[in-house]
Amino acid sequence: MKNYSQVSYFNLTAYFDTGTLKYMYFILVLSLYLSVIAANVLLIVLICVNRSLHEPMYLFLCSLFVNELYGSTGLFPLLLFQILKDIHTISASFCFLQIYIIHTYACVEFTILAIMSYDRYLAICYPLQYNQHMASHKVFFLVALSWLCPFIVIIVLMSLSAPLQRCGNIIHKVYCINYSIVKLACSDTTVNNIYGLILTVMVILVPFCYIVYTYMRILKVCFSGSKQTRHKAVSTCTPHLASVINFCFGACFEVVQSRFNMDNVPNMLRIFLSLYWLTCQPLFNPLMYGLNMSKIRIICKNLFLFRLS
């Protein structure tokens with residue numbers, strides 16, 4: 001029996017021997033990571049330097065892209081390092097650091113997506129009062145809130161998990177998450193489970209229900225409004241709705257996989273789906289918004305033509 005003071009590292013057992021193919025996997029994952037960095041940094045710079053994009057919707061997008069970089073940094077460097085290793089271990093300190101980054105990333109992502117749905121709701125349902133409701137001080141307050149609250153609630157989560165006594169150091173995943181650590185505990189985890197359940201409801205269920213509510217109101221206005229209103233709703237809401245669906249799918253599978261026995265699911269599929277929300281979302285968002293938001297698309301096109309000339 002080991003307790004936490006004796007466990008200095010954890011074994012990540014979801015990795016398997018790929019032989020010389022590990023170099024191909026390394027190049028593929030590295031290419032994906034570099035693409036995530038390039039796409040998000042490009043759009044962050046575009047939004048920051050173009051005054052025409054200094055509007056609430058684009059400022060929320062900028063915060064979303066920063067979060068994609070933040071979450072990617074919590075996964076990709078370790079993933080690349082582990083792919084090349086023959087023994088897949090991670091120190092306890094780095095494991096808890098990764099848990100903190102991944103969990104805050106997820107909380108910030110859901111919070112920003114909920115705030116963006118509120119922004120679209122005001123813009124489409126109350127266009128005349130939009131500037132009043134979305135004044136600059138309120139925008140900065142919402143952005144700060146979307147980062148500050150997740151950082152605080154995850155600190156509480158970590159403070160409950162870190163002192164637990166542990167009976168082992170085996171994590172059946174390719175990265176660290178909090179529930180995998182809690183499942184190793186020998187001591188009572190009732191408080192951890194209750195807080196984890198409350199946090200899941202607050203972070204996933206509440207924002208998701210609010211997003212559904214705002215889109216029901218938006219659809220109601222679209223059906224009773226003009227063709228211009230419908231066009232505005234489709235052009236600005238489509239990428240946001242696609243982002244919400246994509247992230248919810250990945251996050252929900254991760255929650256289900258953590259809580260229930262998934263041994264009947266093929267190992268490769270489990271690994272792919274557990275990585276999906278952390279690898280695809282950071283690239284999906286900049287591509288979706290970059291291709292569908294007309295202002296961003298026009299600026300990117302002009303920049304490309306300027307470079308060619």
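The legends below describe close-up views of a predicted model. Local features are given where pLDDT is at least 70, side-chain atom pairs count only at pLDDT 80 or more, and totals for chains, interfaces and linings use all residues. Residues are numbered from 1 along each chain as its sequence is written, and side-chain values use heavy atoms, with hydrogens and water left out.

**View 1. The largest pocket holds about 670 Å³ of space.** Of its 24 lining residues, Tyr25, Val29, Ile83, Ile271 and Leu275 are the closest to the centre. A pocket is an open set of points on a 1 Å grid over the protein atoms alone, where a 1.4 Å probe fits, with protein on both sides within 12 Å along at least five of seven lines; lining residues have an atom within 4 Å of a point. The volume is the space filled by probe spheres set on the points, which are joined across faces, edges and corners. Helices α1 (21–49), α2 (56–84) and α9 (267–279) each supply at least two lining residues, and α9 gives the most, with 6 residues. Helices (H or I, at least four residues) and strands (E, at least two) are DSSP runs numbered from the N terminus. The lining divides into 15 nonpolar, 5 polar and 4 charged residues. Here Ala, Val, Leu, Ile, Met, Phe, Trp, Tyr, Cys and Pro count as nonpolar, Asp, Glu, Lys and Arg as charged, and the others, Gly among them, as polar.

**View 2. The second largest pocket holds about 440 Å³ of space.** It is lined by 22 residues, and those nearest its centre are His172, Lys173, Lys183, Gln257 and Arg270. At least two lining residues come from each of β3 (170–171), α6 (178–182), α8 (227–259) and α9; the largest share, 4 residues, belongs to α9. By class, this lining has 10 nonpolar, 8 polar and 4 charged residues.

**View 3. Glu254 and Lys173 form a salt bridge, with their closest N and O atoms 2.8 Å apart.** The pair links distant parts of the chain, Glu254 in helix α8 and Lys173 in the loop between β3 and α6, 81 residues apart. A salt bridge is a side-chain nitrogen of Lys or Arg within 4 Å of a carboxyl oxygen of Asp or Glu; the whole structure has 4 of them. Glu254 is buried at 5% relative accessibility, and Lys173 is buried at 8%. Buried means under 20% relative accessible area, exposed over 50%, and partly exposed in between (1.4 Å probe, protein chains only).

**View 4. Lys22 and Asp86 meet in a salt bridge of 3.5 Å, N to O.** Lys22 lies in helix α1 and Asp86 in the loop between α2 and β2 (89–91), so the pair ties together parts that are 64 residues apart in sequence. Lys22 is buried, at 14% relative accessibility, whereas Asp86 is exposed, at 67%.

**View 5. Glu109, in helix α3 (residues 92–125), is the subject of this view.** Glu109 is buried yet has no salt bridge, and Arg120, the nearest side chain of opposite charge, is 16 Å away. For charge, Lys and Arg count as positive and Asp and Glu as negative, while His and the chain ends are not counted. The side chains of Glu109 and Asn285 are joined by a polar contact of 3.1 Å. A polar contact is a pair of N or O atoms within 3.5 Å; within protein, one must be able to donate a hydrogen and the other to accept it, and residues adjacent in sequence count only if both atoms are side-chain atoms.
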